[in-house]
Amino acid sequence: MRARLRLVIALVLVAALGAGGFLFARQAVERQREAAAAREIVDVLPDVSQRIQHFRRVKVDEQGKKIWEVSADEAQYREGEGLVAVRAPMVAFFLRDGREVSLRGETGTVFLDGKELRRIELQGAIDVQLGEYALTTDRASYEADRDLVIAPGMVHIRGKGLDVQGAGMEVQVGAQRLTLTQNVQMTLWPKT
């Protein structure tokens, strides 16, 4: 009877070890498949070096005050090209007088020169907040070397007692000067 009990225990032990080995081998094969799938995705997107959720980049001056800030829900950094493709971007410029100029869009591209911001392009439902004025357009860009926001298409500006529509907008950020070059229509309301 003891011999049979030992034989049954040995068979159960061998069966358990066999099942454990089978499950271990199955998991190893599954991991290899997942790694191969990940390599295929990387091969399809060879220029994407990093994918970042809740992307944020800030430049501050010597006194610790913000100069500009770029944030987005998601970013894809392309190291070789020096650019970051962003989803739901927000760009803010902090003026010397304490005010802020901010742009929001659906998608965009941030062009970097090392650690410096060179250019930003935004597309889709662009909202620009310039003090008490709100601007909307479908495409806008910022050129750092000229400190200029450019919106080549139609722009709608709303503010206190003012409604303006036009095309070909340029905003000199530091000088806080806005220019519309084409098809300008303006409506003014008296103070109430």
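Two strands pair if DSSP finds at least two bridges between them. In this predicted model, strand β4 (residues 90-94) and strand β5 (residues 100-104) meet that rule, with five bridges joining them. The two strands run antiparallel. V91 stands opposite L103 in β5. Together β4 and β5 form a hairpin, with five residues between them. In the turn, G98 has a positive phi of about 95°.

β4 also pairs with strand β2 (residues 66-78). This pairing is antiparallel as well and spans four bridges. Within it, W68 has F93 of β4 as its bridge partner. How enclosed is β4 by the rest of the structure? Four of its five residues are buried, so the strand is largely enclosed.

F93 has a further partner. The count of aromatic pairs comes to one. That pair is formed by F93 and Y142, with ring centres 4.1 Å apart. The angle between the planes is 40°, and the pair is classed as tilted. F93 lies in β4 and Y142 in strand β8 (residues 133-143), so the contact ties together parts that are 49 residues apart in sequence. Both F93 and Y142 are buried.

Charged contacts were examined next. Side chains of opposite charge can pair when their charged atoms come close. The structure holds nine salt bridges. One of them joins the side chains of R87 and D73, at 4.0 Å from N to O. This pair links distant parts of the chain, with R87 in strand β3 (residues 83-87) and D73 in strand β2, 14 residues apart. R87 also forms a salt bridge with E74, where the closest N and O atoms are 3.6 Å apart. Here R87 lies in β3 and E74 in β2, so the pair ties together parts that are 13 residues apart in sequence. Are the residues of these two bridges buried or exposed? R87 is partly exposed, with a relative accessible area of 42%. D73 is partly exposed too, at 38% relative accessibility. E74, at 22%, also counts as partly exposed, because the cut-off for buried is under 20%.

D97 pairs with R99, the closest N and O atoms being 3.2 Å apart. D97 is partly exposed, with a relative accessible area of 48%. R99 is likewise partly exposed, at 40%. Elsewhere, R119, E121, E143 and R146 are linked in a network of salt bridges.

The largest pocket holds about 520 Å³ of space. Its lining comprises 20 residues, and K66, I67, F94, L95 and R96 lie nearest the centre. Two or more lining residues come from each of β2, β4 and β7 (116-130). β2 gives the most, with three residues. By type, the lining divides into nine nonpolar, three polar and eight charged residues.

The second largest pocket has a volume of about 210 Å³. It is lined by 13 residues, of which L130, Y133, I157, Q176 and L178 lie nearest its centre. β8, β10 (162-172) and β11 (177-188) each supply at least two lining residues. The most come from β11, which gives three. This lining divides into eight nonpolar, two polar and three charged residues.

Terms used. Residues are numbered from 1 along each chain as its sequence is written. This is a predicted model: local features need pLDDT of at least 70, side-chain atom pairs count only at pLDDT 80 or more; totals for chains, interfaces and linings use all residues. Side-chain values use heavy atoms; hydrogens and water are left out. Buried means under 20% relative accessible area, exposed over 50%, partly exposed in between (1.4 Å probe, protein chains only). Rings of Phe, Tyr and Trp (its six-membered ring) pair if their centres lie within 6.5 Å; planes under 30 degrees apart count as stacked, over 60 as edge-to-face and the rest as tilted. On a 1 Å grid over the protein atoms alone, a cavity is a set of points where a 1.4 Å probe fits but cannot get out, and a pocket is an open set with protein on both sides within 12 Å along at least five of seven lines; lining residues have an atom within 4 Å of a point. Grid points are joined across faces, edges and corners, and a volume is the space filled by probe spheres set on the points. Ala, Val, Leu, Ile, Met, Phe, Trp, Tyr, Cys and Pro count as nonpolar, Asp, Glu, Lys and Arg as charged, and the others, Gly among them, as polar.
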